Every structure is written in C-alpha cells, then in structure tokens.
Amino acid sequence: MPSRNPILRRSLSRLWQPQRGLFWLMVAFNVMGWVLGWTLHLLQPTGGLLVLVTLLALSNAGMGWWLLSILWRESAETFSGETSDVQSFAGQQDR
C-alpha cells in the first residue's frame, strides 16, 4: 500500500538507500550500538569495563547518527527539487 503522504515517502526514500555502502555502514554502527547497549543491560559490568562498553556504545550511536546525517545531506543534493517542495508545502500551511 503506497504512502499517502508524499513528503514522508520522499523522506524515507532519502534514508533507505541499500545500493550505497554508506547506508550499510550506518546500519552496522547502529546495530553494534544496540548490541553494546544490550551487553550493558544483560551483563551489568562494573568498573573499567562498564566505562569502556558505555563509551563504545555511545561512540557507535554517534557514528551511526553522523553517517545518517551524511546520507540525508547527500540525498538532498540528489533529489533535486526536494527542498522547494517541502518549502512550498510549509508555505501552504502558513496560509
């Protein structure tokens, strides 16, 4: 069933780019962050191990978000007219 919201559909297509290696790298960082978070939850390490795993989990999450922002920015350049459609939609809402 196609999405009825064209802005949401374009936004998702800007993120879902399985043909690009950057997309899969972003997914890998986010999965590693999830695994490290569950490791913290299940194993409940103490001391230095707690600090190390926490820092690794936070850095993985940060890298995932950073790669996501790169994908989002580069796809905005690829999808020409994207910003004008969004701006015109926002302008229509103000009226």
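Helices are DSSP runs of H or I with at least four residues, numbered from the N terminus. In this predicted model, leucine 42 falls in one of them, helix H2.

Helix H2 covers residues 21–43, 23 residues in total. From first C-alpha to last, H2 reaches 32 Å. That is close to the 33 Å expected at 1.5 Å a residue. Seven positions in H2 are named as buried: Leu22, Phe23, Met26, Phe29, Gly33, Leu36 and Leu40. An α-helix has 3.6 residues a turn, so residues three or four places apart point the same way.

Leucine 42 has a relative accessibility of 60% and is therefore exposed, the cut-off being over 50%. Leu42 also belongs to a nonpolar surface patch of about 670 Å². Val31, Trp34, Val35, Trp38 and Leu43 make up the patch together with Leu42.

The largest nonpolar core holds eight residues. These are Leu22, Phe23, Met26, Phe29, Leu67, Leu68, Ile70 and Leu71. Two elements give two or more residues to this core: H2 and helix H3 (47–78). In soluble globular proteins, nonpolar side chains tend to be buried together.

Phenylalanine 29 is in contact with Asn60, Met63, Gly64 and Leu67. Asparagine 60, in helix H3, touches Phe29, Met32, Gly33 and Leu36. Asparagine 60 counts as buried because its relative accessibility is 6%, under the 20% limit.

Helix H1 spans residues 6–15 and includes leucine 15. At 26% relative accessibility, leucine 15 is partly exposed. The C-alpha atoms of leucine 15 and arginine 73 are separated by 10.0 Å. Along the chain, these two residues are 58 residues apart.

Glutamine 44 follows H2 and is placed in the loop between H2 and H3. Glutamine 44 is not a glycine, yet its phi is positive, at about 45°. Most residues other than glycine have a negative phi. Glutamine 44 is exposed, because its relative accessible area of 58% is over 50%.

Note on methods:
Residues numbered from 1 in each chain as written. Predicted model: local features only at pLDDT ≥ 70, side-chain atom pairs only at ≥ 80, totals over all residues. Heavy atoms only, no water. Expected span 1.5 Å × (residues − 1). Buried < 20%, exposed > 50% of the residue type's maximum accessible area, 1.4 Å probe, protein only. Patch = residues over 30% accessible without salt bridge, like charges linked within 9 Å, V, L, I, M, F, W, Y side chains within 5 Å. Areas by Shrake-Rupley, 256 points an atom, 1.4 Å probe, with all protein chains shown as cover. Salt bridge = Lys/Arg side-chain N within 4 Å of Asp/Glu carboxyl O. Core = buried A, V, L, I, M, F, W, Y, C linked by side-chain atoms within 4.5 Å. Contact = heavy atoms within 4.5 Å.
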